[in-house]
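Please examine the sequence and the structure shown here before reading on.

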Amino acid sequence: MSEHDPGTTASDSDRDPRQRDLFEVSRDAILVHDVDDGRVVDANDAAERLLGYDSEALVGLSIEALGSGVETVDGTGSTLSGADARDAIWEALETGETRFQWQVERADGDRRWVDVSMARAQLREEERLLSFLRDVTGQREQTDALHESRAALRDLHENQMGDGSTESKIAAMLETGCRFLDMEYAYLTAIEDDVQTVTQSLGNHETLRAGATAPLAETYCQLTYGEDATDGLCTVRDAGEVMADTEAYERFGMERYVGKQVVVDGEVHGTVCFAGSSPRTRPFSQAERMFVDVVAGWIGTELERGRQRTELVERQRRANALFNAPSSLIGVVEPDGTLIEANETALDLADVDADDVRGEPFWETPWWAYDAASRAKLRDAIERAAGGETVDFDATHLTPDGEELTAAVTARPVVTDGEVETVVVHGIDVTERERRERELRRNQQRLQAVLDNVPLVLFAVDADGTFTLSKGNALGRLGMAEDEVVGEDAFELYDGNETVVDGLVRALAGESVSFETEFGSAFFRTWARPLYEDGAVTGAIGVSVDVTERHRQEKRLETLSTATRRLMYPSTPDGVAAEAVSIAQDVLDEPMSAVWAYDDDRDALVPMAATDAALDTVDGESVADLTTFGPGTREYDVFRGNETTVVEDYRALDDGGSGEGALGTVAFAPLGSHGLLTIGRPDVTAYSDVEVNLLAVLRNNTIAALDRADREQALERYQRELERSNESLQQFAYVASHDLQEPLRMVSSYVDLLAREYGDAFDDEAEEYMEFAVDGADRMRSMIDALLTYSRVETHADDFESVDVDAVLDDVLQNLELRVDETGAEVTVDDLPTLRGDRDQLGQVFQNLVKNALEHAGEDAPTVVVECEEREDAYAFSVADDGVGIPDDRQDAVFEIFETDHRSASGDGGGIGLAVVERIVHRHGGDIWVTSEPGEGATFSFTIPKDAVTEPMHEVTP
């Protein structure tokens with residue numbers, strides 16, 4: 001503040017006491033000015049509070065120092081300098097008073113707008129100038145805000161020059177708002193069921209694009225519903241400070257925000273919001289808040305208008321669609337019948353333009369030229385409608401394609417102020433409806449025919465279970481007439497029949513059901529489904545079909561299926577044939593049945609089995625009395641054709657030969673290659689489809705039984721041959737082990753004796769020949785012993801029992817201990833299981849394989865590994881060595897009898913060991929194989945099933 005000369009001041013003693021009281025208690029700030037230079041000479045307490053100075057500081061201040069600008073109260077908006085303010089004081093001195101608004105600077109630097117009234121006054125006979133000051137800063141800010149808002153809205157209006165649509169107008173509002181509020185983003189939302197949906201947006205914000213949704217509780221828009229919102233408007237200057245821990249801040253990350261509820265048709269539609277990515281340093285001004293408030297109201301109004309426009313367009317569309325509906329023929333006429341307008345459907349029907357028919361009497365237009373009766377009906381209807389009556393009638397028209405069209409026509413008056421202004425003639429094409437009604441009548445006739453001729457019942461019940469319909473000729477099976485039970489309670493009528501009651505309950509509960517039940521000796525299959533009206537079950541409708549005959553046939557089929565199991569018992573074809581004719585008689589109720597077997601040597605069908613009634617047709621006592629059928633007979637031909645054939649009148653055949661004159665209808669059922677099943681009836685009575693099907697079941701089962709019987713007989717023959725072969729093999733083994741051994745021993749003994757007695761007489765070559773003879777005899781004896789061992793794998797074996805394979809291998813290694821020590825071999829044995837088998841034979845298997853591995857391991861100390869792998873249904877054992885291996889082309893041959901192992905340096909061995917091993921493994925139900933790579937050893941593997949069962953054996957004791 002500049003320095004000043006206080007000049008003359010008004011002391012307390014200078015003031016009139018009454019003036020002093022008024023001066024001090026006044027709520028308005030009062031300054032006393034010197035009339036010469038305008039300096040302040042006194043100030044009351046209210047002035048001190050308003051200006052922020054004490055009275056001593058105020059005294060002596062000039063107008064230039066106190067005020068920065070003056071605006072006259074008439075609102076011209078002029079801003080004056082300090083000198084101009086002094087001129088205002090002179091004006092007050094000259095005129096006696098003046099009034100203006102003045103911006104002053106307080107001691108704390110804050111600027112305030114004050115309303116100033118100046119007036120001249122006499123204080124103690126001294127002329128002074130008094131200033132009465134009133135703080136109008138708030139009012140001035142509102143006025144400024146209003147000016148700013150108006151300017152922004154003018155800008156907004158200038159920017160709304162797009163296509164005029166609601167969307168383009170809102171886009172202009174959002175763009176102007178961003179510019180006015182210094183924001184980056186603007187968006188409009190719709191809020192429903194606590195979910196916010198962005199409907200329009202401005203700015204590239206990833207989560208605020210049109211169509212984006214979020215729970216209202218996780219958005220900034222929730223603030224417009226909070227306690228801090230005034231009239232649905234909320235502002236945020238620094239969201240990072242006040243919303244840092246909210247889901248809304250985490251989701252959107254906007255730092256400054258202002259939002260306002262948008263109301264449409266009296267209901268909150270959503271919000272309009274403006275936001276930025278950085279905090280705001282200054283508060284939102286009154287002008288900015290007013291702007292957002294106006295924009296929200298404007299958008300609400302535009303949305304209402306847009307909705308109204310849409311509804312208007314839709315109403316117009318519907319009205320146009322109704323007037324030009326494809327099924328509606330509309331003509332608007334004067335009361336005298338002159339045509340005013342016709343819709344497009346009607347014009348298309350007559351193939352005319354509107355201008356060609358306007359002004360013509362409606363009944364003389366092309367629509368009514370086809371049928372004179374329809375034309376007369378129309379004229380009468382228009383005359384009656386002109387008198388205020390609504391008239392309905394049917395009319396016939398001709399389409400452009402030359403087809404006849406039936407229309408249901410209504411002539412209706414349009415009344416204005418009690419007078420008939422026009423008559424609307426409205427026709428609906430009912431040609432298809434008439435066709436459907438005719439079809440419905442035909443269907444009803446068909447349904448009635450079905451009800452009259454098919455064994456069924458059509459019924460319906462209401463929601464309480466009361467019968468409303470009961471029709472069908474099957475009611476007679478139940479002892480009822482049509483509609484006899486209508487009005488009765490179905491639950492009471494069928495009380496005790498749980499199947500029926502349960503089915504009705506489920507149908508009335510909304511379920512489609514099907515069930516079968518017995519009524520006396522009759523059986524009915526019922527289908528029922530619910531009836532609905534407006535989503536609620538109002539009853540049920542159903543149909544019950546008499547299935548008594550089907551039920552009887554099913555029972556016969558079930559009985560036949562059970563009976564045909566008897567065909568599996570006989571073990572011979574004769575037994576099967578006898579059982580087949582017995583089933584035909586007992587189950588199919590066909591006593592005249594017989595089976596013929598095909599004799600390949602004779603090329604004829606030979607009688608095999610027959611019922612007594614069949615024998616009676618030829619007055620026979622045994623099957624042999626029946627006819628044998630050869631080529632040229634109907635029976636033979638049917639057998640060769642292998643197709644079931646029914647001869648309706650067997651007597652009329654000239655190629656039949658069985659029971660001539662005694663049979664009426666005969667059914668022939670070929671039994672494959674086995675023969676022919678024949679069933680006859682004494683009368684000419686056709687076989688039903690069901691009976692033919694039952695015969696087919698018996699035929700197929702008989703063929704299967706005959707096939708089985710043939711297989712069993714062939715198996716018995718094979719078993720007998722096998723037993724004889726085993727007996728011969730056992731006898732050979734005995735001879736080989738005893739009788740053949742004796743000559744060999746004699747050869748060896750005599751050669752030894754010859755060597756002892758005459759050895760000195762032999763030269764080296766003779767001695768070598770004698771050694772060959774002895775060695776050959778020994779080898780022959782070894783081979784015979786090996787062959788005997790091989791043959792006794794099946795015949796001299798023990799039953800299977802639980803075998804500890806670990807213990808078996810321990811015994812084997814103990815037996816081979818000397819050989820292991822000699823070769824320096826390392827034998828590694830895995831944990832081995834306990835299984836079912838022949839303990840001695842399993843010992844033979846492991847002894848042969850381990851010994852084989854030791855003998856063919858090569859020159860270095862051999863390594864032998866015995867392992868076992870448990871599989872799902874078997875144990876897989878392996879014996880591996882590190883010898884020279886076995887070539888691929890020799891791996892299968894090593895299991896053949898008398899095949900020596902090529903790996904033996906000496907070629908020794910009878911070649912029977914691995915063959916015996918293979919036979920033992922096969923006896924246990926397993927497999928054996930060898931894998932080997934030359935130079936990398938060989939691995940012999942074999943399996944033993946977990947459920948190995950002892951095979952039956954046939955031993956022969958010599």
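The sections below treat confidence, nonpolar cores, salt bridges, and selected residues and elements.

## Basis and confidence of the model

The model is predicted; local features need pLDDT of at least 70 and side-chain atom pairs count only at pLDDT 80 or more, whereas totals for chains, interfaces and linings use all residues. Residues are numbered from 1 along each chain as its sequence is written, and side-chain values use heavy atoms, with hydrogens and water left out.

The pLDDT is the predictor's confidence in each residue, on a scale from 0 to 100. For the protein chain it averages 82, and 85% of the residues score at least 70. Helices (H or I, at least four residues) and strands (E, at least two) are DSSP runs, numbered from the N terminus.

## Nonpolar cores

A nonpolar core is a set of buried Ala, Val, Leu, Ile, Met, Phe, Trp, Tyr and Cys residues joined through side-chain atoms within 4.5 Å. Buried means under 20% relative accessible area, exposed over 50%, and partly exposed in between (1.4 Å probe, protein chains only). In soluble globular proteins, nonpolar side chains tend to be buried together.

The largest core has 39 residues, and those with the most contacts inside it are Phe 846, Leu 849, Phe 877, Phe 940 and Phe 942. At least two residues of this core come from each of α24 (805-815), α26 (839-855), β31 (863-870), β32 (874-881), α27 (913-923), β33 (928-932) and β34 (938-945). Helix α26 supplies the largest share, seven residues. Beyond four places in sequence, the residues that Phe 877 touches include Val 805, Leu 832, Phe 846, Phe 940 and Phe 942, together with Glu 867 and Ser 941. Apart from this core lies another, of 29 residues, among them Ala 354, Phe 362, Val 423 and Val 425.

## Salt bridges

A salt bridge is a side-chain nitrogen of Lys or Arg within 4 Å of a carboxyl oxygen of Asp or Glu. By this rule the count comes to 36. One of them joins Arg 282 and Glu 288, whose closest N and O atoms are 3.3 Å apart. Arg 282 is partly exposed, at 43% relative accessible area, whereas Glu 288 is buried, at 4%.

Arg 436 and Glu 432 form a salt bridge of 4.0 Å, N to O. These two residues are separated by about one helical turn, because they are four residues apart in helix α14 (residues 431-453). Arg 436 is partly exposed at 46% relative accessibility, and Glu 432 is partly exposed at 38%. A further salt bridge, also given as 4.0 Å from N to O, joins Glu 482 and Lys 471. This pair links distant parts of the chain, 11 residues apart: Lys 471 is in strand β19, and Glu 482 is in the loop between β19 (467-471) and α15 (490-493). Asp 34, Glu 126 and Arg 128 are linked in a network of salt bridges.

## A buried threonine

Thr 526 belongs to strand β21 (residues 522-533) and is buried, with a relative accessible area of 4%. Its side chain makes a polar contact of 2.7 Å with that of Ser 544. A polar contact is a pair of N or O atoms within 3.5 Å; within protein, one must be able to donate a hydrogen and the other to accept it, and residues adjacent in sequence count only if both atoms are side-chain atoms. Leaving aside neighbours within four places in sequence, Thr 526 is in contact with Phe 459, Val 513, Ser 514, Phe 515, Val 543 and Ser 544.

## Two aspartates with positive phi

Most residues other than glycine have a negative phi. Asp 417 has a positive phi of about 55°; it lies in the loop between β16 (404-416) and β17 (419-429) and is exposed, at 78% relative accessible area. Asp 603 has a positive phi of about 50°. Asp 603 is in the loop between β23 (592-599) and β24 (604-610) and is partly exposed, at 28%.

Technical notes:
Contact means heavy atoms within 4.5 Å.
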